[in-house]
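Dear colleague,

Please find the structure below. My notes on what was found in it follow directly after.

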Amino acid sequence: MRGEYMRLSESIEGMAVKVVDLDAPPELRERLLGLGFVPGQTVIIGEAAPLGDPRVYIVGGKLVTLRDVEAQKIKILPIVDLIPLEMAKPGLYEVEDLTGGHRFRQKMEALGIKKGTKIRVIRNLNGLLAVLINEGEEVEIGRGWARKILVRRMEVKPRDDKSGFNG
Amino acid sequence: MAWNLINLLLSLLWFSAGILKIAGIGTPSDIPFGGVFLVIGAVFLWGVFEDPVDRPKRLSHTYVGGMLAFWLGIYSAVNLIFYQQTLYFDSGAVILSFVSFLLGIKAKRKIEAMR
Amino acid sequence: MTIKVALMGNPNVGKTTLFNALTGSRQHVANWPGVTVEKKEGVALYKGFRIHVVDLPGIYTLGSKSLDEQIARDYLLFESPDVVVVIADAVNPEQGLYLLLQILELRSDVILVMNAVDELEREGSRLNRYELEKHLGVHVIPTVATKREGVSELLDTIIHVHQTRPAHQPVRFRYDQTVENTIEQLEKVILSKCENLNVPARWLAIRHIEGDEIVQWFCESLPPIEGNERKKLSLQIARSRYDHINVIIREAYSGKSAPKRLPLDEAIDHVLTHKYLGIPIFFTIMYLIFSFTFKVAQPLSDLIDISVSRLAEFAKASLGENWLAALFSDGIISGVGAVLVFTPNIFVMFLGLGILEESGYLPRAAFVIDRIMYALKLSGRSFMSLILGFGCNVPAILSTRAISDPRERLVTILVSPFVTCSARLPIYVLLAGLFFPQNAGSVLFLIYASSVFLAAVSSVLLNRVLFKGEPVPLIMELPRYRRPTVKGLLNYSWSKGRHFLQKAGTIILIASIAIWFLGSFPPGNVENSLAARIGKFLEPLFKPLNYDWRITTALIFGTAAKEIVVSTLSTFYSSEGLSFTESLRNSIDPSTALSLMFFVLAYIPCFATIAAIRSETQSDKWTLVSLIYGLVVAYLLAYLVKVVTGLWLGI
């Protein structure tokens, strides 16, 4: 896996990740280190606040809240990095498994999706995805299907700036 | 299944109490106070929607709803004693709170036994 | 013999509980001037020793620059306590031991307290204190602070460490070779450049690598370390510390599985921070606390009200018809009594907030509401304070002490007077009922909505104009839920409510006497009293708002306590033969009444609030800014309301 690391703010609830590096200025860095966000530390992603921004992270048994602004400064590597395609943010993914029945697999086969297929997610509107299959043509995939496709992230695009909340 | 039914039943009761309070039927109308009834009803209702596999989550709605109901029950009791409110509505609210509270405690025991 | 002991540790590990257990009833809360976060001091008398205990703010590291961390670190460096007690959570000790390792680099006379061992045992795991002692080289005391278990052993150990220091050499902790090389080089530079160091050179070297500016204070002009190199080294240092801690934990704990949350905690969190239910539940809880504050406390308030008026009558009856009797009954007893009436409300409110704080809900509430406050450049924490203001501004301002960021705290204090307190309610009710009988409820709602709007706009404005700052990070630990104890709750509400009684009591007493004198001299017609003269003198200023001298005087008196506005109006208007409400309705028009309500909403808060602003900001300048800002906003708002409604109502 080459390229940029994922950020803690891009992780998904329930994921377990390993801290790789901190990009924070010295003061914030010291604070994060004191709370246990050190390289090599396992962090489990907890629930988000009602409006999606601060989130709870479980570090060494403690619950710590971070805003996305701060979580964005922590580089991570997913430990268990399989997610349903439904939850995938834009980026490149590899299909790991299809969790549907026989008919579902046939349909996917027809689209060219099987284990090992590379899927590039272009956008994800609440589970309705626009994807490129093996960098081919753009295809739309609905939520019902996307839920049954387990994928692993291959590279990370910079997260689109959703923190443009400047008061 | 039983807990699903309890949550549904409690939420229905709380919702109807809230609507009575807001509309002022059989009790003076009080919109924010009626809102509290609705929120408690919603807490129970969402317990019904939880993933059926995840039992602790369902029970947690019963528990938290029961805790909120406990405080509302005390408040209703004070209303009843000191402020000569409508006898039927307020004593009904006290009883409903008490029942919800007991069920909440039961849910809590269940969650604790689950580890 | 006196031993100075500093208590240090992460937030929420039971530091204050241990402090109370150590010092017992002798504790007093000292407000250290100039700092925003409280340090508590207390004394324990034990086996002939005076053990002076200082409870420092909870911190995670010695290295960061936030105010509470600075206070704790500066105390450690410059006040030289004799013994340092570091408290760690026995259940999740990692972060606590990290702080311990940092402190051990500075000094060796440290005692480690592993608190809440009972919760650990309930989880089915055990802690071997001797294993910990072996690895860390300090005394280790397991305690249950809530049940006072291990407290006397801790006191014995404090005395022991103080007498025999240093008992055993703390284990010198070695880092990676690259880090050690840099430390060694720096140590040489430090020792050659700076003499009379009273801190270890090794500690200075490490702090310098970690980018702590305090190093300059001990030893100037150390060779700078390039940013990337510094980051690499400090990450390595932190990593080695945690690796070391993990090894120790593996050796010292038995039966400890991977850290997991209690199922009940997880369940409660799921609902309380729920995507859709979280915010409604928060408002429900706040609403219930308000209702309790007003309704549950009301019977008690009524009781006090009756007693006060009985007492006033009694004073009048026993002292006879002279000015002294009038001063006592109309001035002092009624004036001070008007405040005492609110005591039950205040205590009930703090009881409610105590439950929220002790149970661990408060940080969750801050978490739930944070996104909204972020837009206003405040954090969820300051929202809690503002909400309190609907009851009374004074506890709202006092409660900002828990806000660790000084800038955010100041803004919260400055905007909190705009949150309309319960003392202003009688004025709104009187005027709305009298002039807008059809829409009284809507008018009241408009006032409350405007109050929230004013506070929000002012916060954004103050941040823009005065600070231009970045939003404060919300890095907060959510503690385990705990069942609040009766003792803890009583302690909490008494220590908070006492302030209200003391400060408001003294100020109200003086104000009541002053207003009584101004209203009664020279004797005879009120029209000629000093109070009336003041009102008439200032009347031209309020001409554009169409307020006559009576309203002006009432507003001036209302600065003592807002309820006084109503009682002053009733005194002045009833003297014309007609009933007070009738003559008031005849004297002013609805648009003036509405503008008066808005003026009352925004203008100078009561004396107690001003005193609270002064004592909490420790600054005359900010107190003045708050006063003038409030007055200007009130005047402009009242004028605007008058003009707009004047046009609208066609008056």
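Chain C holds 29 helices and nine strands, where helices (H or I, at least four residues) and strands (E, at least two) are DSSP runs numbered from the N terminus. This is a predicted model, in which local features need pLDDT of at least 70 and side-chain atom pairs count only at pLDDT 80 or more, while totals for chains, interfaces and linings use all residues. Residues are numbered from 1 along each chain as its sequence is written, and chains are lettered from A and ligands numbered from 1 in the order in which they are written.

Of the 651 residues of chain C, 46% count as buried; a residue is buried if 20 or more other C-beta atoms lie within 10 Å of its own, exposed if 12 or fewer, and partly exposed in between, with C-beta atoms placed from the backbone. Among contacts in chain C between residues at least 6 apart in sequence, 70% join residues at least 24 apart. Two residues are in contact if their C-beta atoms, placed from the backbone, lie within 7 Å.

The sheet of chain C

In chain C, six strands make up an open sheet of mixed pairing, in the order 2-3-1-4-5-7; two strands pair if DSSP finds at least two bridges between them. Strand 2 (40-46) and strand 7 (139-143) of chain C are at the edges with a single partner strand each, so one side of each is left without a neighbour in the sheet. From one strand to the next, the twist averages 25°. Angles run from 0 to 180 degrees between N-to-C directions, and axes are lines fitted to C-alpha atoms, for helices over the stretch in contact.

E41(C) has V54(C) as its bridge partner in strand 3 of chain C, and Y46(C) stands opposite F49(C). These two strands form a hairpin with two residues between them, and K47(C) in the turn has a positive phi of about 50°.

L112(C) has V140(C) of strand 7 as its bridge partner. Five of the five residues of strand 7 of chain C are buried: H139(C), I141(C) and T143(C) point one way, and V140(C) and P142(C) the other.

Helix 6 (residues 151-164) of chain C lies across strands 1 (2-9), 2, 3, 4 (83-89), 5 (110-115) and 7 of chain C, and runs at about 165° to strand 7 of chain C.

The contact between chains C and B

This contact takes 19 residues from chain C and 25 residues from chain B. On the side of chain C that touches chain B, helix 11 (263-272) and helix 12 (278-296) of chain C each supply at least two residues, and helix 12 of chain C gives the most, with nine residues. That side of chain C divides into 14 nonpolar, four polar and one charged residue. Here Ala, Val, Leu, Ile, Met, Phe, Trp, Tyr, Cys and Pro count as nonpolar, Asp, Glu, Lys and Arg as charged, and the others, Gly among them, as polar.

A helix pair in chain B

The axes of helix 1 (residues 2-23) and helix 4 (residues 87-113) of chain B come within 11 Å and cross at roughly 155°. That makes helix 1 of chain B roughly antiparallel to helix 4 of chain B (angles under 35 degrees count as roughly parallel, over 145 as roughly antiparallel, 65 to 115 as roughly perpendicular and the rest as oblique). The residues of this contact divide into nine nonpolar, one polar and no charged.

With kind regards
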